[in-house]
Amino acid sequence: MAGQRRPARPNDEWNRAIALCAGQAPLVWLAWWVATQAGRDDYGYGDGGYLGICCVPLILPFVGLLHAAVQIAPAAALARLRPRTSPGPEWAWHVAGSVLIGVGWSALGLLLWGWPVTETLPWFAGVGVLPVLILHSLRGRPWGGGGVWLRSAGASLVLFLGCGVAAASSADDYEPPRLSAARLAGEWRSEDGGVLRLAPGGRADLTRVPARNDVDEDGYFSLCDGTGTWTFEQDSRSPGSHRDGVLVRVAGECGQETYWTIGGTERNPELFVLFGDPDAGDLRILTRD
């Protein structure tokens, strides 16, 4: 009969969980970007990498499926195992189970990859709360599978665009430190053991320090040992960027002159250079002892 509510199917809740997780994924990514990347140095990377965002709609269903399979569905199974006499509504137990599974994934990240629990726990536990709450609020509503996907995608798009505009305004807040030549003098090191010593008189000593290759050689840089000179100057190749740096010239034929841009913060300054593709090049960073 017209207006009669369609009976719930066994896979309706599973489909809704996948749709909600897929819709939440762009917002989670945006929140992560704001928390970890906004207002920080982009190290000269170009904007071409953002073209990959066009592929996001194609992978979101798979992201939603994975999230639902490893957190939302197992949490529902845990909630159903509670004693019948246990207090509290089912949704509260489902949320608790989702948070507990998030804690487990955070612990696994610590054991396998050394991810700090203090940084991963809020994300792994938090991403399982909103889909569960909305999932329980949709129970009894006559929304088919397509309706849930359309509403989830629409709400995600509106929120992502609205929050993205606000987040974009903070992307350009980074200000590199202003260092004098005297502060630049000293020893700079890379994670792979390279050492660049900048003497006050303009002498540079290099130990496994990357320097740009000639255009006819393989690769973008060579690891150079030896001596050279350095000067403190503004990068004339980036008009309007106002990024000071150090121009290092290597004695001999190891490599060409290489411009190390100043980055980091006043307290923890860095020197960096990006070799190769501006969108996905090889970034090398030197830090002070």
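This report describes the nonpolar cores and the salt bridges of a predicted model.

## Basis of the description

In this predicted model, local features need pLDDT of at least 70 and side-chain atom pairs count only at pLDDT 80 or more, while totals for chains, interfaces and linings use all residues. Residues are numbered from 1 along each chain as its sequence is written, and side-chain values use heavy atoms, with hydrogens and water left out.

## Nonpolar cores

A nonpolar core is a set of buried Ala, Val, Leu, Ile, Met, Phe, Trp, Tyr and Cys residues joined through side-chain atoms within 4.5 Å; buried means under 20% relative accessible area, exposed over 50%, and partly exposed in between (1.4 Å probe, protein chains only). The largest core has 22 residues, of which Leu184, Leu196, Leu198, Trp230, Val248 and Leu271 touch the most other members. Strands E2 (195-198), E3 (203-212), E4 (221-234), E5 (244-250), E6 (258-264) and E7 (269-275) each supply at least two residues of this core, and E3 gives the most, with four. Strands (E, at least two residues) are DSSP runs, numbered from the N terminus.

Apart from this core lies another, of 10 residues, including Ala17, Leu20, Ile72 and Val95.

## Salt bridges

The whole structure holds 10 salt bridges, each a side-chain nitrogen of Lys or Arg within 4 Å of a carboxyl oxygen of Asp or Glu. Arg284 forms one with Asp192, with the closest N and O atoms 3.1 Å apart. Arg284 lies in strand E8 (residues 282-288) and Asp192 in the loop between strand E1 (186-189) and E2, so the pair ties together parts that are 92 residues apart in sequence.

Arg284 also meets Asp282 in a salt bridge (3.2 Å, N to O). Asp282 is partly exposed, at 30% relative accessibility. Elsewhere, a network of salt bridges links Glu13, Glu90 and Arg139.
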